[in-house]
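Biologist: I'm new to this one. Could you pick a single part and walk me through it closely?

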Amino acid sequence: MNETPVPAVPDRAELDARIRRAPYHQWLGLTVVEAGDGEIVVEVPWREEFVVNPDIGYTHGGILATLVDLVADWAIATKLGRPFPTVDLRVDYHRPALKGVLRVRGKVIRIGSSFSTSEAYVEDESGKLLASGRGTYATSTK
């Protein structure tokens, strides 16, 4: 019988090291604070470069969309060992993200043989929901 080997599922520390390998992720300052079977929590420190409106001081929506995409993708990595290319992404913005640490929770919805789906939620330091979204990822790629 010819069986495909299942990739080793990385622990929190390994996911933290892997996620920081990308220069953009280094710039964002990502830290994996929790990781489990299909779930991950990432924290992002505030950066003045996030600001889109200097008068009010809120974060650009592109930063929030990035966080939704990458944390939803890395939730899949908790099950399949690595992230995958994004096929589709939907982001909803709930309130302005002002100065402070951002906490992003990702959760797998479904792992499929060709496509997988997960969600992510961006919260402020007090736990208020700032943005949320769902992504579909091409898990059939090698």
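**A close look at one helix**

Modeller: The axes of H1 and H3 come within 11 Å and cross at roughly 135 degrees (axes are lines fitted to C-alpha atoms over the stretch in contact, with angles from 0 to 180 degrees between N-to-C directions; helices are DSSP runs of H or I, at least four residues, and strands are E, at least two, numbered from the N terminus). That makes H1 oblique to H3 (under 35 degrees is roughly parallel, over 145 roughly antiparallel, 65 to 115 roughly perpendicular, the rest oblique). This is a predicted model, so local features need pLDDT of at least 70 and side-chain atom pairs 80 or more, while totals for chains, interfaces and linings use all residues. Residues are numbered from 1 along each chain, and side-chain values use heavy atoms, without hydrogens or water.

Where the two helices meet, Leu-15, Arg-18 and Ile-19 of H1 touch Leu-70, Trp-74, Ala-77 and Thr-78 of H3 (contact is heavy atoms within 4.5 Å). Leu-70 also reaches His-25, Leu-28 and Leu-30.

H3 itself has 20 residues and reaches 29 Å from first C-alpha to last, close to the expected 28 Å (1.5 Å times one less than its number of residues). Since 14 of those 20 are buried, H3 is largely enclosed by the rest of the structure (buried is under 20% relative accessible area, 1.4 Å probe, protein chains only).

Note on methods: Buried < 20%, exposed > 50% of the residue type's maximum accessible area, 1.4 Å probe, protein only. Lists of a residue's contacts leave out its neighbours within four places in sequence.
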